[in-house]
Amino acid sequence: MAVGFKVKYYWYQIGSGELLHSFFSTICFRLENRQWGSGYPYLMNELYQGELKRNHIENAVKELKNIKKALKKFRPSEVVWDIDDLNAKPPWGDNISPEIKNLSMYFVTSEGEDLIDMMEKALMRAKDLEESLYIDTL
């Protein structure tokens, strides 16, 4: 079952729910001092719960830009696969492309697209359509 972002009838495929959870787990652990939503409440509390309200899209765009900048300071080996099980490792282990230089580049969708860039596209579509952004499954 594929997970993705949905804006009205537009679909942005992420791939596995584990990858998306890892993205949010990494943010919580590395950027929020293990306090879920303390630094990025719109993305971490609203969107992660399934719906980012349309009136919070602009705030979420700002949060995402800040997250991307902040994740550049961390090596790929500092990924957190699961905030609830800090011993969990990605299924591919340390076998990643040498092109991935930091955590802002680490998260790649099943279609080979940078997750942060795709999330930004989905946010901008939601903003343009004045719609909420959802996490959904196919």
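Here is a walk through this structure, from its sheet to its helices and then to a pocket. Keep in mind that you're looking at a predicted model.

Four strands build it, and they line up in the order 2-1-4-3. The sheet is open, and its pairing is antiparallel. Which strands sit at the edges? Those are strand 2, covering 10-15, and strand 3, covering 51-52, and each of them pairs on one side only.

Now zoom in on strands 1 and 2. Strand 1 takes in residues 3-7, and five bridges join it to strand 2, with the two running antiparallel.

Next up is helix 1, and we'll follow its contacts with two other helices. Helix 1 spans residues 17-31, and it packs against helix 3, which spans residues 57-71. Their axes are 11 Å apart, and the packing angle is about 70 degrees. An angle from 65 to 115 degrees counts as roughly perpendicular, so helix 1 is roughly perpendicular to helix 3. Which residues meet here? From helix 1 come Phe23, Thr26, Ile27 and Leu31, and from helix 3 come Leu64, Ile67, Ala70 and Leu71. Sort the residues of this contact by type and you get seven nonpolar, one polar and no charged.

Helix 1 also meets helix 4, which is made of residues 115-129. These two axes come within 12 Å and cross at roughly 95 degrees, which means that helix 1 is roughly perpendicular to helix 4. On the helix 1 side, the contact uses Leu20, Phe23 and Phe24; on the helix 4 side, it uses Leu115, Ile116 and Met119. This contact has six nonpolar residues, no polar ones and no charged ones.

The largest pocket has a volume of about 220 Å³. Of the 15 residues that line this pocket, Pro76, Ser77, Val79, Lys89 and Pro90 are the closest to its centre. What is the lining made of? It divides into 10 nonpolar, two polar and three charged residues.

Note on methods:
Residues are numbered from 1 along each chain as its sequence is written. This is a predicted model: local features need pLDDT of at least 70, side-chain atom pairs count only at pLDDT 80 or more; totals for chains, interfaces and linings use all residues. Side-chain values use heavy atoms; hydrogens and water are left out. Axes are lines fitted to C-alpha atoms, for helices over the stretch in contact, and angles run from 0 to 180 degrees between N-to-C directions. Angles under 35 degrees count as roughly parallel, over 145 as roughly antiparallel, 65 to 115 as roughly perpendicular and the rest as oblique. Contact means heavy atoms within 4.5 Å. Ala, Val, Leu, Ile, Met, Phe, Trp, Tyr, Cys and Pro count as nonpolar, Asp, Glu, Lys and Arg as charged, and the others, Gly among them, as polar. On a 1 Å grid over the protein atoms alone, a cavity is a set of points where a 1.4 Å probe fits but cannot get out, and a pocket is an open set with protein on both sides within 12 Å along at least five of seven lines; lining residues have an atom within 4 Å of a point. Grid points are joined across faces, edges and corners, and a volume is the space filled by probe spheres set on the points. Two strands pair if DSSP finds at least two bridges between them.
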